[in-house]
Amino acid sequence: MKPLQTQELKVIGVKVINLKKKFNSFFALKGIDLTIDKPGLYGLIGPNGAGKTTLFKCITGLLTPTEGKVILNNTEVNRKLLFQKNVFGFIPEDVGLYGNLSARDFLHILAGLHGLDKAQRKKRVQEIVDFVGIKYSPNKIVRYLSTGQKRLLLIAGVLLHDPDILIFDESLNGLDPVVRSHVSNLMKELSKDKIVFYSSHILTDIWKLSDEVFVLNNGLLVEHDTPLNIIKKITKNVYYIESDEYETVFSYLEEFSSIEKIEIEGNKVLFQIKSKNAIDESKEILRKVIEKHSILSFGYYEPDLDQLFIKMVSSNED
Amino acid sequence: MKINSRCVNYSLFLKEWKEAKRKLLPITIGIIIFSLFTILMMYALPSLVHDIPAELFPELTPTILSQTFFSNANNILSIIAVILCVDAIAGEREKNTLTLIKTAPIRDSFLITIKTIVRFLLVAIPSFISSLAVYFLIMLMSGRADFSNYLLASVFLLFTLFLYVSVGILISTFTKSQLSSGAISVLIVFSLTLISSLLNQGKTISYNFLQISVNVLSYSFSNIEIIVNILLILGFSILLLFLSVVIISSEREPTRK
Ligand SMILES: Nc1ncnc2c1ncn2[C@@H]1O[C@H](COP(=O)(O)OP(=O)(O)OP(=O)(O)O)[C@@H](O)[C@H]1O
Ligand SMILES: [Mg+2]
């Protein structure tokens, strides 16, 4: 997809500074700082009620922050600045559509609402429809579209004005695997020259797609890194031994001074090794265990993403 | 990219009009039927009520018939006008479509103006057509009627409807659902109509702008009085619309349901 205008040297970025949002007496955001300064795919995860939607609404100016500020491409977010509304494209999690219009009219009207004139509009709508891969008839009435078809229409809708920053709140939810991977590919493609900041509860997507992941919990940013680093940080030097006698293995392992943490997950005993030379140490431990117990398997532990998620948000609860 | 604000406003108008257009025909038919009914009712009344001797019913002159129509229209069309406004902002909030507008480069003042104009057209066109239809019915039933005065009353009716649309728009900007917007609007309009009917006697007649379309048929207004009435109506409307703009642009979470 071609940009609407030749790109000059422009600054692309989202900067959130000490953002707080209070609803009545409850702080939904308790001081968020984050900086995104180059195109890419940025994932936002966190449990229900963590404040993801609230954060997105503050970034797009739909909510006025209680404290702190948001800067998009070098200008502070201000609802009165009309040009700023074309800097971003936002798909909220529960957005409604103009149900009585046809898909074509809907896109034309959205394009017009963002300031494209008639001549630009026709070309642009066709271009975006092709890019997004909308296959159904443009005469279909929006109200009768399926969830997936509506989602594609919305994605097309926010691309019309060629925004630099795309914000998708749970836009992958409710899609079948084929459409989901199609949308993921679109997002990947868009992230080449745009910032795509999205939230999802489908962790495999977040982990596979994102260049960086932000973890929000209880209104605070608790983690920010590449997916790989986050996994490493949490599961560094963790090994597992699978055994039918996992309980005795567990108590046996407790005696090793080089083992920092032990946990049971199913019939696996997970343990984290403190020493610098963890691989050799793990072999040594394995050798000793095998002498006394029968085991089914052994290996470097790669966590189940859901488990990882639960670990991340629970370690910050206290 | 340069934003073409003419396109923005035109597209908003187009969107509003496409949605309103679907309602135009049913509303027009409904209002015409209602209007003609008010006149025919006057003729049917003596034969429906048997206890009262026919001589006690007033003679159905064109003026009496026109007055009947305009006072009924005043009461009913004002309610229809505000009901048509509930979807303006409250409805978009309820259906979660306000986000699409609030993330587009639309000035709040234009948002309110365009929504007002479309709803005014939606009630004004059927009302004007109906008043013409009623005029022909009156001509048919009772011979000649004074057209210039009747036309003046019809135009005044449109002015008052504009005021009522402004009331509806204001209420729609601060309510969260169409139901509450409708309930509050009807209550307020009902009270306004009641108060203005009570005030419609003695000295207050000349500036009772909510009843002016009825009064203009029986009371001869000076030009100054007419201008003052028009200014009062427009002034209040603009004030209400201005308030709506202030409310919607100062809300901390405009899209909240
Ligand atoms: N308008 C509001 N008034 C009061 N409380 C609100 C409002 N909006 C959000 N909250 C509260 O703020 C917190 C954060 O909500 P938010 O919608 O941002 O969560 P989320 O991370 O998007 O959750 P989910 O994954 O379920 O979508 C919640 O506790 C919610 O109840
Ligand atoms: Mg959410």
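Analyst: Happy to! This is a predicted model.

User: Nice. How many salt bridges are there between chain A and chain B?

Analyst: The count between these two chains is one. There are also nine residue pairs in polar contact across the interface of chain A and chain B.

User: Which parts of chain A touch chain B?

Analyst: Strand E1 (14-23), strand E6 (88-91) and helix H2 (103-113) of chain A each supply at least two residues of that side. The largest share, five residues, comes from H2(A).

User: And what classes of residue does that side of chain A have?

Analyst: It has 18 nonpolar, 10 polar and nine charged residues.

User: OK, how much area do chain A and chain B bury between them?

Analyst: About 3,100 Å², with 60% of it on carbon and sulfur atoms. The contact takes 37 residues from chain A and 33 residues from chain B.

User: Which three residues supply more than any others on chain A's side?

Analyst: Those are A:Leu62, A:Tyr98 and A:Leu113, which supply 22% of the area that chain A buries against chain B.

User: Back to salt bridges. How many are there over all chains?

Analyst: A search of the whole structure finds 20. One of them joins the side chains of A:Arg180 and A:Asp205, at 3.1 Å from N to O. That pair links distant parts of the chain, 25 residues apart: A:Arg180 lies in helix H5 (residues 177-190) of chain A, and A:Asp205 lies in helix H6 (residues 203-209) of chain A.

User: Switching topic: what is the strand order in the open sheet of four strands in chain A?

Analyst: The order is E12-E13-E11-E14, and the pairing is antiparallel.

User: Why is one side of E12 and of E14 left without a neighbour?

Analyst: Strand E12 (259-265) and strand E14 (297-300) of chain A stand at the edges and have a single partner strand each, so one side of each has no neighbour in the sheet. On average, neighbouring strands of this sheet are turned by 20 degrees against each other, direction ignored.

User: How many bridges pair E11 with E14 in chain A?

Analyst: Four, in the antiparallel sense, with E11 covering residues 238-242. As for a particular pair, A:Ile241 has A:Phe298 in E14(A) as its bridge partner.

User: And which helix packs on the sheet?

Analyst: Helix H8 (residues 246-253) of chain A does, touching E11, E12 and strand E13 (268-273) of chain A. The direction of H8 makes about 170 degrees with that of E12(A).

Definitions and conventions:
Residues are numbered from 1 along each chain as its sequence is written. Chains are lettered from A and ligands numbered from 1 in the order in which they are written. This is a predicted model: local features need pLDDT of at least 70, side-chain atom pairs count only at pLDDT 80 or more; totals for chains, interfaces and linings use all residues. Side-chain values use heavy atoms; hydrogens and water are left out. Two strands pair if DSSP finds at least two bridges between them. Axes are lines fitted to C-alpha atoms, for helices over the stretch in contact, and angles run from 0 to 180 degrees between N-to-C directions. Contact means heavy atoms within 4.5 Å. Buried area is the accessible area (1.4 Å probe) that two parts lose on being put together, summed over both. A salt bridge is a side-chain nitrogen of Lys or Arg within 4 Å of a carboxyl oxygen of Asp or Glu. A polar contact is a pair of N or O atoms within 3.5 Å; within protein, one must be able to donate a hydrogen and the other to accept it, and residues adjacent in sequence count only if both atoms are side-chain atoms. Ala, Val, Leu, Ile, Met, Phe, Trp, Tyr, Cys and Pro count as nonpolar, Asp, Glu, Lys and Arg as charged, and the others, Gly among them, as polar.
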